[in-house]
Amino acid sequence: MTETAPVRTALTVEATGLVKRYGRTAAVDGIDLAVGPGVLGLLGPNGAGKTTLLRMLSTVLAPDSGSLRLLGRDPGVPQERVEVRRRLGYLPQNPRLYPSFTPLELVDYVAVLKEHTDVAWRRRECTRVLESVGMGDRMHHRIRTLSGGMQQRVALAAALLGSPELLLLDEPATGLDPEQRLELRSLLATSAQRGTVVLSTHNTGEVAALCHRVAVMREGRVWFLGTPAELIATAEGRVWESEDPDPTALRTWMTAAGTYRHIGAPPAGADLVAATLDDGYLLVSAGHQ
Ligand SMILES: Nc1ncnc2c1ncn2[C@@H]1O[C@H](COP(=O)(O)OP(=O)(O)OP(=O)(O)O)[C@@H](O)[C@H]1O
């Protein structure tokens with residue numbers, strides 16, 4: 001097989017006017033996105049279109065319209081798509097693993113699908129990625145005997161195969177205990193030194209700890225794209241606390257201390273408090289950036 005030289009570009013993802021519909025639902029409704037090296041977090045409420053966007057970026061799903069370039073290539077062209085697939089890793093939401101396979105067999109199978117033909121390399125690489133997610137001691141156990149968090153780590157190992165330049169992760173921390181979440185953070189920080197990581201999450205703490213940039217999605221669109229600090233800044237001066245609920249607030253909730261925290265347009269004399277990433281996210285996802 002003759003292979004063309006990989007195209008190196010500062011932008012790993014270049015999307016313009018990306019659209020994907022399911023019947024009358026526009027799951028992704030005209031997204032423009034330019035992503036370079038580092039970790040990009042996708043935040044958004046249920047049904048915002050995060051999974052659909054990640055599935056398009058992973059070449060699993062073709063867009064209905066718009067243009068998409070991944071790693072400088074056009075995934076719509078079969079030959080270029082093969083190269084892109086070799087250079088990206090994808091962890092789907094709720095990955096379904098073959099229960100009778102062992103982790104080693106499963107990860108090796110993914111390596112074969114990526115057309116890695118060197119058996120010795122595959123053995124080394126599969127062992128390396130399984131060890132990197134803390135599954136080295138269980139790589140010969142049947143997947144059906146593993147806990148949910150362990151299965152998630154096996155799926156993550158498969159995504160890390162070949163140290164991909166573009167790593168796409170759909171809620172990667174699902175099922176992981178706090179210690180494993182910390183391990184995941186350092187794994188992803190390492191991956192981001194080599195290329196681009198795009199992950200969807202509902203956890204703003206994860207975004208604050210890990211992401212260089214954050215996109216807030218709602219109804220199939222990106223409503224905010226910037227650094228976590230910039231997302232916090234959208235809420236500065238718009239968060240206040242009081243002893244009682246405030247019906248003028250956009251959102252109000254009770255804190256652990258029993259006081260009320262509000263976001264929106266503060267009334268005169270309001271007791272303004274420092275904004276957090278949660279506040280910024282809540283404002284933007286409510287359509288009030
Ligand atoms: N295969 C499908 N068939 C029909 N509708 C779909 C399909 N996949 C997604 N949708 C719809 O597209 C929209 C976006 O869904 P998507 O799964 O991309 O959102 P999400 O942001 O990942 O949500 P969550 O946070 O719940 O995972 C939703 O309205 C969803 O119901």
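**View 1. Gln180 in helix α6 of the predicted model.** Gln180 lies in helix α6, which spans residues 178–194, and the structure that holds this helix is a predicted model. The residue is partly exposed, because 19 other C-beta atoms lie within 10 Å of its own, whereas 20 or more would be needed for a buried residue. When residues up to four places away in sequence are not counted, Gln180 touches Gly149 and Arg153. Arg153 is 27 residues apart from Gln180 along the chain, and the C-alpha atoms of the two are separated by 9.0 Å.

**View 2. The contact of helix α3 with helix α5.** Helix α3 (residues 103–113) and helix α5 (residues 148–160) have axes that come within 9 Å and cross at roughly 30°. The two helices are therefore roughly parallel to each other, since angles under 35 degrees are counted in that class. The crossing in which α3 passes α5 is right-handed. On the α3 side the contact is made by Pro103, Leu106, Val107 and Val110, and on the α5 side by Val154, Ala157 and Ala158. By class, the residues of this contact are seven nonpolar, with no polar and no charged ones.

**View 3. The contact of helix α3 with helix α4, and the end of α3.** The axes of α3 and α4 likewise come within 9 Å, and they cross at roughly 120°. The helices α3 and α4 are therefore oblique to each other, and their crossing is right-handed. The contact brings together Pro103, Leu104, Val107, Asp108 and Ala111 of α3 with Arg122, Glu125, Cys126, Val129 and Leu130 of α4. The residues of this contact divide into seven nonpolar, no polar and three charged. Within α3, the buried residues are Pro103, Leu104, Leu106, Val107, Asp108, Val110 and Ala111, and what covers them includes α4 (119–132) and α5. Just after α3, Glu115 takes a positive phi of about 65°.

**View 4. The shell of residues around the ligand.** The ligand is surrounded by Tyr22, Thr25, Ala27, Gly44, Asn46, Gly47, Ala48, Gly49, Lys50, Thr51, Thr52 and Gln93. Two elements, β2 (25–35) and α1 (50–57), are those that give two or more residues to this shell. Helix α1 gives the most, with three residues. Sorted by class, the shell has three nonpolar, eight polar and one charged residues.

View 5. Most residues other than glycine have a negative phi. Asn94, however, has a phi near 45°, a positive value in a residue other than glycine, and its place is in the loop between β5 (88–91) and α3. Asn94 counts as exposed because it has 11 C-beta neighbours inside 10 Å, and 12 or fewer is the limit for that class. For Glu219, phi is near 50°, again a positive value in a residue other than glycine, and this residue is placed in the loop between β8 (213–218) and β9 (221–226). Glu219 is partly exposed, with 17 other C-beta atoms within 10 Å.

**View 6. Leu68 in strand β4.** Leu68 has its place in strand β4, which covers residues 65–70. With 22 C-beta neighbours inside 10 Å, Leu68 counts as buried. Leaving aside residues up to four places away in sequence, Leu68 touches Ala15, Leu18, Met56, Pro63 and Pro75. Pro99, which is 31 residues apart from Leu68 in sequence, is 35 Å apart from it in space, C-alpha to C-alpha.

**View 7. Helix α9 and the glycine that follows.** Helix α9 (residues 277–285) is mostly covered, in that seven of its nine residues are buried. These buried residues are Leu277, Asp279, Gly280, Tyr281, Leu282, Leu283 and Val284. The helix is followed by Gly287, whose phi is positive and near 85°.

How values were computed. Residues numbered from 1 in each chain as written. Predicted model: local features only at pLDDT ≥ 70, side-chain atom pairs only at ≥ 80, totals over all residues. Axes fitted to C-alpha atoms, helices over the stretch in contact; angles between N-to-C directions. Helix = DSSP H or I, 4+ residues; strand = E, 2+ residues; numbered from the N terminus. Parallel < 35°, antiparallel > 145°, perpendicular 65-115°, else oblique. Left-handed = near helix turned anticlockwise from the far one by under 90°. Contact = placed C-beta atoms within 7 Å. Nonpolar A, V, L, I, M, F, W, Y, C, P; charged D, E, K, R; others polar. Near = placed C-beta within 6 Å.
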